[in-house]
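Take a look at the picture, and then we'll walk through it piece by piece.

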Amino acid sequence: MICPECHAEYLDHIKECGDCKLTLVDACVIDLPIPEMTWAALPPFQGKIYADMAAEILDNHDIAYYLKMNWSSSAFVIEAASLPGDVVRIFVPKSSLEKATELVGNITENNA
Ligand SMILES: [Zn+2]
């Protein structure tokens, strides 16, 4: 569960943010703008400037996406620890993943 105001994360059984006194919402409401769509992650971008470049390309090709800053899931934590600065993940609809990966491929390669 996540507080809609301060975005603090709580365990599922907690219903109210201790700081803001607001009703918590399901994490996926914030993480997934279109819940019925299956999202897939592009390779991580090191630094928001690269993510912005990729976002612009996706915009130009009418591919839906959303950004997630400072990715810190347990699956990614080892890789993230070796990268300095902000790590940005871009999520695209799974049906557009192949095209999106191709479109932003140059950015992620130069980004290494
Ligand atoms: Zn809060």
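Which residues have the most contacts inside the largest nonpolar core?

## The core

They are Ala54, Ile90 and Val92, and the core itself has 14 residues. Two elements give two or more residues to this core: helix 2 and strand 4, the latter running 87-93. Strand 4 gives the most, with 5 residues. Keep in mind that what you're looking at is a predicted model.

## The overall layout

Let's step back for a moment. The protein has 5 helices and 4 strands, and from the N terminus on they come in the order α-β-β-α-β-α-β-α-α. Of its 112 residues, 14% are buried. If you take the contacts between residues at least 6 apart in sequence, 56% of them join residues at least 24 apart.

How confident is the predictor? The mean pLDDT is 78, with 71% of residues at 70 or more. Among the elements, helix 4 (residues 97-103) has the highest mean pLDDT, 93, while helix 3 (residues 77-81) has the lowest, 50.

## Helix 2, a helix with two sides

Helix 2 covers residues 48-60, and its end C-alpha atoms sit 18 Å apart. That agrees with the 18 Å its 13 residues should span at 1.5 Å a residue. Buried in this helix are Ala51, Ala54 and Leu58. Looking down the helix axis, you'd find the buried residues within an arc of 65°, so they line one face of helix 2. An α-helix has 3.6 residues a turn, so residues three or four places apart point the same way.

On the other side of helix 2, Glu56, Asp59 and Asn60 are exposed. Just after the helix comes Asp62, which takes a positive phi of about 55°.

Val92, one of the core residues with the most contacts, touches Trp39, Ala40, Leu42, Leu58, Ile63, Ala64, Tyr65, Leu97 and Ala100, leaving out residues up to four places away in sequence.

Phe91 lies in strand 4. Is Phe91 buried or exposed? It counts as buried, because Phe91 has 21 C-beta neighbours inside 10 Å, and the cut-off for buried is 20 or more. Setting aside neighbours within four places in sequence, Phe91 is in contact with Trp39, Ala40, Ala41, Tyr65, Tyr66 and Lys68. Take Tyr65 as an example: Phe91 and Tyr65 are 26 residues apart in sequence, yet their C-alpha atoms are 5.4 Å apart in space.

Definitions and conventions
Residues numbered from 1 in each chain as written. Predicted model: local features only at pLDDT ≥ 70, side-chain atom pairs only at ≥ 80, totals over all residues. Buried ≥ 20, exposed ≤ 12 C-beta atoms within 10 Å, placed from the backbone. Contact = placed C-beta atoms within 7 Å. pLDDT = per-residue confidence, 0-100. Expected span 1.5 Å × (residues − 1). Arc of directions from axis to C-beta. Core = buried A, V, L, I, M, F, W, Y, C linked by C-beta atoms within 7 Å.
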